[in-house]
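Please open the model in your viewer and keep the selection tool at hand.

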Amino acid sequence: MAVDTTYYLILSAAVFCTGLFGILTRRNALMFLMSVELMLNAANINLVAFSQYYGNLTGQVFALFTMALAAAEVAVGIGIILVLYRNFEDVDVAEAATMRW
Amino acid sequence: MTTRPKLQLGGHLAPGLVAVALFVIMAVVFVGAPLGDPAGFDEATAIQNETLQSESPSGDYGTISSNGQTYAVAYNASDGSEAANVSVANDPGVGVDFKEVDTNGDGQSDTVYAISRTSITENIGYLMFAIDSDQRSAPGETFLVAFEIIDLVLVGALVGAVVLARRDEGGEVVTALGLRSTDEPTGTSAGQVAADGGTEDGGDH
């Protein structure tokens, strides 16, 4: 039997709020990046869960596109963090308060 | 007396509590939401000899709900008509298997399960590349145009990243590909690959 959609939604909310918790409490830029990925993947869980709920595959295909987007986002994010580390000798997001250095 | 770690309470915990509170609100809303049973992909059921009330837009196989009941929808391969009374005898032969089940234990089969022969992964491939196939059994939109657009955008991002990865080194621009945009053949850093993109020292400190 299929798992009830409510459980998927609660899992998704838990993953999303874990990501939000990380963003609100951490100052490490790498932790920020991981937290943003958690929030993005919570949206993916919702897409797949509602795809199953409606018996329509559009959500699953769209989730694949979102994963490709997440991969590109991580590449850009790690590039930014590398430059941050080289210029401030730290990955603390509170250090880089301006857009120029 | 031993020392042990203690939870440091205070106002600094407030941002974390915001996230926890959001989860509680979301969980309450989701538990209270009237969602019902998921339609699923691989099978549908129908009460035998029930008449379908409306037509499914989903193609050869799918489910429709009517008067609180979910029915299997199948199309007759010979004339393309909808098989109203779904049973093993109405097997359309395209992407769907039927199985009769006795649910109330009276020795008579009363429920028909329609089971797709095509896997979900196979269906995703058909949809993503807009392949028109008789084997496709689940409804959905095609994504070929979106696939190609994202393909071009990602190639553009890659080219942009390589072009932008350059730095000044002694008044000379060094790029990631080792090509210099200045015309002076100084040769000090000719052919050097500089992919780290940074300066030797930070400017603000």
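Begin by selecting α1(A) and α1(B), where α1(A) passes α1(B) in a right-handed crossing; a crossing is right-handed if the near helix is turned clockwise from the far one by less than a right angle, and left-handed if anticlockwise. Helices here are DSSP runs of H or I with at least four residues, strands are runs of E with at least two, and both are numbered from the N terminus. This is a predicted model, in which local features need pLDDT of at least 70 and side-chain atom pairs count only at pLDDT 80 or more, while totals for chains, interfaces and linings use all residues. Residues are numbered from 1 along each chain as its sequence is written, and chains are lettered from A and ligands numbered from 1 in the order in which they are written.

Stay with this pair and look along it: the axes of α1(A) and α1(B) come within 8 Å and cross at roughly 170 degrees, the axes being lines fitted to C-alpha atoms over the stretch in contact, with angles from 0 to 180 degrees between N-to-C directions. The two helices α1(A) and α1(B) are therefore roughly antiparallel, a term for angles over 145 degrees. To see the contact (C-beta atoms, placed from the backbone, within 7 Å), select residues including A:Leu9, A:Ala13, A:Cys17 and A:Phe21 on α1(A), and B:Val18, B:Phe23 and B:Phe30 among those on α1(B). The residues of this helix contact divide into 18 nonpolar, three polar and no charged, where Ala, Val, Leu, Ile, Met, Phe, Trp, Tyr, Cys and Pro count as nonpolar, Asp, Glu, Lys and Arg as charged, and the others, Gly among them, as polar.

Select α1(A) and α2(A), which pack at an angle of about 165 degrees with their axes 8 Å apart, and that makes α1(A) roughly antiparallel to α2(A). Here α1(A) passes α2(A) in a left-handed crossing, and their contact has 17 nonpolar, eight polar and no charged residues.

Which residues make up the largest nonpolar core? Bring chain B back and select A:Tyr8, A:Leu9, A:Ala13, A:Val15, A:Phe16, A:Cys17, A:Leu20, A:Phe21, A:Ala42, A:Ala49, A:Tyr53 and B:Ala39, 12 residues in all. Such a core is a set of buried Ala, Val, Leu, Ile, Met, Phe, Trp, Tyr and Cys residues joined through C-beta atoms within 7 Å, and a residue is buried if 20 or more other C-beta atoms lie within 10 Å of its own. The largest share of this core, eight residues, comes from α1(A).

Finally, move to α2(B), whose buried residues are B:Asn123, B:Tyr126, B:Leu127 and B:Met128; what covers them includes α3 (58-88) of chain A together with α3 of chain B. Just after α2(B), select B:Ala130, which takes a positive phi of about 55 degrees.

Terms used:
Angles under 35 degrees count as roughly parallel, over 145 as roughly antiparallel, 65 to 115 as roughly perpendicular and the rest as oblique. Two residues are in contact if their C-beta atoms, placed from the backbone, lie within 7 Å.
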